[in-house]
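Dear colleague,

Here is the structure that I promised to pass on to you. Please open it beside this message, and then read through the notes that follow.

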Amino acid sequence: MQGSNSSAQTLVYSEDGKKSGSVGKAVPRIEDLKIIRGKGGYADDIEFADQHYAAFHFSPFAHAKIKNIDISKALELPGVIYVLTGEEVKKITNPMKSRAATKSPTSHYILAVDKVRYMGEPVVAVVAKTKYIAADAIDLIDVEYDPLPVVATIEDAMKKESELIYPEIGTNQLIEDHFKFGDTEKAFKEADKIVKDRIRIHRYASTPLETFVTSAFYDQTRDELLAYASDQQPGRTVGSIESTIKIPQSKIRLIVPQVGGGFGNKLAIWQYVALVSLLSKLTGKPVKWVQTRTESLYAFHRPRGFMDAEFALRKDGKILGARLTDWQADGNWPYVAALYSLIKFANMCGVYEIRNLDYSYHSVATNDPPIVQDRGVGKPFMSFALERMMDKSADALGIDRTIIREKNFVPAEKMPYTTFSGEVYESGNYPENFRRALNFSEYHEKLKLQEKLRKEGRYVGIGIACGIEPGTSNLGYYFLSKEGDPDYNGAGQMATVEMVADGTVKVNMNGPEIGTGHVTTIAQVVSDVFGLEPEDIIVDGWYDSVHGHLTYAGTYSNAFNDVYLGAVMKAATLLKEKILAIAASLKKENVEDLDIAEGHVFRKSDSEKLVGVKELAKISYGRLLSFPKDQDPGLKITASYVNKTAKPFHRDDFNVQLTHSNSTHICLVEVSPENWNVKILDYSIVHDAGKVINPGIVDGMAIGSTVSGIGGALYEEFLFDEQGNNLSLTFAEYMKPTAMESPEIKLDEMESPAPNTVFGTKAVGEGGAITSLGAIAGAVEDALKPFGVKISELPIKPEKLWEMVKDTDEYKKLTGGAN
Amino acid sequence: MVTVNLTINGKEYSGETEPRMLLVHFIRDVLKLKGTHIGCDTGHCGACTIQWDGKPVKSCQILAVQAQGANLKTVEGLEGPNGELSIEQESFREKFALQCGYCTSGFLMMTNYLIRNNEEMTREEIREKLHGNYCMCTGYQQIVDAVQDAQRKYFAQKK
Amino acid sequence: MYPTEFEYYRPKTLDEALELMKTVEEPKVIAGGQSLMPMLKLRFYEPACLIDLGAIPELKQVKLDEGGNLRIGAMVTHFEVIENGLIRENAPILASTAENIGDIQIRNRGTIGGSICEADPSADYPPTMFVLEASIVLLSKEGRRTVRIEDFIKGPYETDAREDEIAVEIIVPKSTDQYHVEKYARRKADFAVVSVAAIARTASDGSIEELRIAAGALTDGPERLKSLESALKGKKKDSVDLQTSISETVDALTPISDIHGGEEYRKYSLKMMLARVIKELIE
Ligand SMILES: Cc1cc2nc3c(=O)[nH]c(=O)nc-3n(C[C@H](O)[C@H](O)[C@H](O)COP(=O)(O)OP(=O)(O)OC[C@H]3O[C@@H](n4cnc5c(N)ncnc54)[C@H](O)[C@@H]3O)c2cc1C
Ligand code: FES
Ligand code: FES
């Protein structure tokens, strides 16, 4: 099967194999109609009258005291209307708080106060009449810094004499915790073999093509804030604006227009929404900030870190137990400390059955820039570590890499399967997925090809990775390591469905559209409820806080398929019931006998059309006196939906996420002995994301997320010098894969419906980013087997490979000893 | 301030600018054509791609004053007089070649050029010709599908 | 992303341009702008006056002179270098070199003169110009002079052009010998990590009659690999110890060392590339 189109045709929705409405079909995206005409309506396309612009002075140091700030010259520049520094911010705002850390820092404000903790931290803000003048003003600001010793690594940070990032906490270790499940000690005692490794992850990020953009106008006549932002978690932003700059939630209207890519990255924009809002409040002018690419590369990223992993193995390959110790350099934006470690529980044993497991984690502050919940958060690293350990274990035991996986899969008959910590894998057939992947990728032919090419002196390798892609965050995991009850959760969503007086159905999903096809997908499911075509449904792709939201509403954590659809379907179904009830009452029919299709309410028994929907809508809004007594006029329903399988948190039984897609990735790579560059020759995926509503969209996510993982595995890395200076501030240094580096991906789908979502759908959007890392690393290691190369870290850069091979005998053979 | 007069999508425009203003800012902020996007500072990403005398260029790598009298085409110029989608617009939609869509204007302007100025392109050739345009969402595969499809449509139309 | 303020001039004739170069304060030429614009946007460079060469027709011509040399106007774009029939015929290596540069959009604006005047040590044109033994014609109010490429590129981002001089033309001697030009970069639009340009001619008896090789991506700018050339020239192709000669030559070079590759790694890759390229050329 090639690409998206062929697999698109193979997908059918309903249980009995019949196509049912538009669900399951590759319906062309409705949102495209605007975007392809150049009318996408992104945040930077929106302008207020008398628009002013903000710019920031960002710290050039990773760690320094701010000795003095001279803003006088900037203030004199014509066109500059305001300059804001930390001194004022400290007086009028509250510091940012940590969510997970047991002790929150109290000195970190939205603008640096007294000291800077990373290169790129905002220190001074300017408001001017144009972007260009704002940039000029920044050049006129003179900040005197007194550099402090830089805490560059986890090892540095943990030294007794280390400089403290947050002196008020008294340690650089923001949180640590230890968990024990089953009897790991016994497992290790009984093991035939113990395999250990330290596996590392680097700093990289998804870098959405649209950078952070936010604008705000504080209306002093009504004391109300209107803000726009390319924001993925606006529900939380509203709360954070309140808690930092003290504008009450009731006075905030936040709108998120079409977002030019999110990938979790835009969960971090709220600090700047707060800043721009504050600047507008202080100046009375509408203020906009458009982040430049260099500014976007300062922060926010995934954290770097390492995991010490140990597997206790039986000689047939069965994993008896595991010990994992995770160290994450969580930068210094205390907001999301420990998040990367905690979320790993969602896929800590991957597709494998591991019952005895000890897990420790350490979240450490350093002078690395802040981190954000980038595509998959800690799960790509978790999966990378696991798959590396699987390969290493197989090698150590002298068994095949496929056999060790087969030995350890969660058996299909144990589904739904509860992991050691309480995560519930709701459905799936991992052994079958794997078998299909071996077939689909022509694995055995590839082995033969590899043997042939090796004989010709080519370094070709095959990599295999099996991964879990969790969806919907049960955000309470923040409270695994500290007391209290979370007052926010990602397992719910609110939506509004209405039929307006002319009979048009409108949906407000009230979450941001970040490129994941929500508008179309919702139009598909809602059109089926009302017997209409998707084009007939108007879905608002913009988030607007006036419509109400649950705390932490947003588009993240692969939750759309679950809670957005849940909320929309609930509201749509209630609305349909109401329409039918009104019709029944007016026409003196039994409501159970009625249904809606093609714009009419009809009697099911004889398909007799009783009344037009348009007509009913008109009546429902206008004819108030002759309206059925048992119904209220108006056809608008707002409903909230919570996925009830989210568990309240207990340390010995909790679920971090609620749906679990899975996939097998198999790839073939070649390493050039001339420059050690890696080329992907073939890439196959068999993906199981439960029921698929729109295969065109879902295939795109699977492919796109895989390429983003390939970028992380081979090309992308934020590099820092010993002084904590970020050396990757343009796309010349921060290398994204282009179309030339991206492979053709062959994709096949399985469907194991989720029992705990409305349509049986599961997560899509992060899977490739999670699972690809292990496949690529395994393939490169396999290709360089003649050199005995072991891969335990990413990205796999040519020079690093060369360093690894250059003292080997195979290398001497290759180069004739001359190099 | 300088007055720049130019033609975009067959229409004459005129606007005031400082010499230092980038052409992409002029198009977006002064002329209010918001379809052309900005994704980087260094000429790498191609989000700002427009056509100048029919050839694709990156409008962030040009000053507005340099475009005095120029004949440009932007994404807004692709559709027909009554809003009919052009073949490349159709193909991008049919092949799911966009997700967030932020890169799409640039890719459409490239596609519009490439399908008309090349013999039938292989997938590999298409990838090679598009490497000055970044897409962070799609992994490029469906974009390549769309370019191939658009070229097929273009050739069929020409016959 | 927002250049600082400057004055902007767009002369229509060379004379007008030269006058401006002499009279305005801190004149800075802008050609295709593909290197200069990022510098302006990032504010690494803050010129007082920009002189745009885009409106001067004679800088856009490609001619063949009486001596059979190509004369390529400084404002000829990379795209035109690829497409131009005269260039393809008389110096095909140059057209192939241009194909390696950046991407389609960059090639539609960037110019041959701009690339050479930028003197980026990892750019694609310079090694090719070295093996072609090209010269640059410089013009100012003081007069005209012609400088050999090896003297023109004085180091990384450093040329022999004075502040008031404009490069108007590149003189490229005809060369239709076997050639090979190659850069290794992880992505095609990136500047070279390792690059080689070479031309060769073998005599009927199998000896190497002519061989010119240059490498780019070196700390001090591109270099002709003269020691390697002389080690091989005149020899029969099966009598040469290619590996030793290459090693000796490359070990004496200093490749650039940065996040795209350290010195030792680049030396290794350069050796491997040279060995393959030379073998191919003399076979
Ligand atoms: C994304 C990207 C990728 C690129 N990839 C490559 C690549 O792979 N290989 C490669 O070689 N290059 C690459 N480049 C650089 C590109 O080739 C530039 O076009 C070229 O280096 C400069 O030519 P220009 O006409 O654009 O010059 P400009 O940018 O206008 O000028 C460059 C410098 O030369 C001076 N100058 C220009 N013309 C003259 C003249 N006639 N007389 C005196 N001084 C003059 C200018 O003052 C300036 O200092 C890339 C650029 C970008 C943005
Ligand atoms: S914005 Fe022009 S190339 Fe990136
Ligand atoms: S669709 Fe989002 S960047 Fe291409």
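Directly after helix α8 of chain C comes C:Glu133, whose phi is positive, near 55°; helices here are DSSP runs of H or I with at least four residues, strands are runs of E with at least two, and both are numbered from the N terminus. The helix itself covers residues 125–132, and since 8 of its 8 residues are buried, it is largely enclosed by the rest of the structure. Buried means under 20% relative accessible area, exposed means over 50%, and partly exposed is in between, with a 1.4 Å probe and protein chains only. Among the buried residues of α8(C) are C:Tyr125, C:Met129 and C:Phe130.

Before you go further, please keep in mind that this is a predicted model, in which local features need pLDDT of at least 70 and side-chain atom pairs count only at pLDDT 80 or more, while totals for chains, interfaces and linings use all residues. Residues are numbered from 1 along each chain as its sequence is written, chains are lettered from A and ligands numbered from 1 in the order in which they are written, and side-chain values use heavy atoms, leaving out hydrogens and water.

Turning to chain A, you will find 22 helices and 29 strands. Its radius of gyration is 28 Å, close to the 28 Å that the globule rule gives for 819 residues, so chain A is as compact as a globular protein of that length; the radius is taken over C-alpha atoms, and the rule is 2.2 Å times the number of residues to the power 0.38. Of the 819 residues of chain A, 67% count as buried.

The domain assignment, which is automatic or from a database, gives chain A domain 1 (43–148 + 212–290), domain 2 (374–473 + 657–814) and domain 3 (492–642). The centres of domain 1 and domain 3 of chain A, taken over C-alpha atoms, are separated by 39 Å, and 22 residues of domain 1 are in contact with 16 residues of domain 3, where contact means heavy atoms within 4.5 Å.

One residue to look up is A:Lys65, which lies in strand β2 (residues 64–70) of chain A and, at 46% relative accessibility, counts as partly exposed. Leaving aside neighbours within four places in sequence, A:Lys65 is in contact with residues including A:Asp114, A:Glu144 and A:Asp146. A:Asp395, by contrast, is 330 residues from A:Lys65 in sequence and 51 Å from it in space, C-alpha to C-alpha.

With best wishes
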